[in-house]
Amino acid sequence: MLNIFPFGKKHEENTNTEVVTETPVEETPTQDVYPATPTPTETPVESTTIVEPAVSTETAVTEAPAVEAAPVENNDPNRKKVLLVVDDNKLNLKVASKLLSDFDCDIETVQSGKECIEKVQQDNKYDLIFMDIMMPDMDGVQTMHTLKSMPNFHAPVVSLTADAVEGSREKYLGEGFDDYIPKPMDREEMHDAINKYIGN
């Protein structure tokens, strides 16, 4: 049997067709994903007050130890006299020792003011000291002043110097020397000094 449809009408089929509506998906930018780093918890720092010890602005003054001569050992009038010659020049020491060798005395020599001071500190036995003026480090004037300031020191100190201009004798006697002999050393002047101060 033929199914005849009216002209102009379409054949409609009841088809069960599901219409799927696609929801557009938003694309997110591609990026590396790392686990979140936990934020360290800040520990509050306690305020600390540093107290520095008080520093005194006053400078401590240390007193220099007093320089002392050894006890006097020349009280015996019959003992042999001892002379000390101080000069930084070895040739001058030889010349002085030669000039003094005619006298009945023991002669000792040193080459600096410092050695002279040490000698007197160790053994205060000298009856007369002949002192050169121009010496390094500690000259004859400084050495003589140190000697004169020492307790128990009483030996005469005679200057030996090439400073022979007019007024030099007064200059060195004014400094505190007991006598003055110009260089080059003269035997008669050395003899006079010995007779004057130790009576030999």
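In what order do the elements of the protein chain run from the N terminus on? They run β-α-β-α-β-α-β-α-β-α, with 5 helices and 5 strands in total; helices (H or I, at least four residues) and strands (E, at least two) are DSSP runs, numbered from the N terminus.

This is a predicted model, in which local features need pLDDT of at least 70 and side-chain atom pairs count only at pLDDT 80 or more, while totals for chains, interfaces and linings use all residues. Residues are numbered from 1 along each chain as its sequence is written, and side-chain values use heavy atoms, leaving out hydrogens and water.

Select residues 157–161, which form strand 4. Strand 4 pairs with strand 5 in the parallel sense over 4 bridges (pairing requires at least two DSSP bridges). T161 stands opposite P182 in strand 5.

Next, select strand 5, residues 179–182. D179 and I181 on one side, and Y180 and P182 on the other, are all buried (under 20% relative accessible area, 1.4 Å probe, protein chains only).

Finally, show the side chains of Y172, F177 and Y180, which ring pairs link into a cluster (ring centres within 6.5 Å; planes under 30 degrees apart count as stacked, over 60 as edge-to-face). The count comes to 2 aromatic pairs. Y172 and F177 are edge-to-face, 6.2 Å centre to centre with 75 degrees between the planes. The rings of Y172 and Y180 have centres 6.1 Å apart and planes at 10 degrees, so this pair is stacked.

Definitions and conventions:
Buried means under 20% relative accessible area, exposed over 50%, partly exposed in between (1.4 Å probe, protein chains only). Rings of Phe, Tyr and Trp (its six-membered ring) pair if their centres lie within 6.5 Å; planes under 30 degrees apart count as stacked, over 60 as edge-to-face and the rest as tilted.
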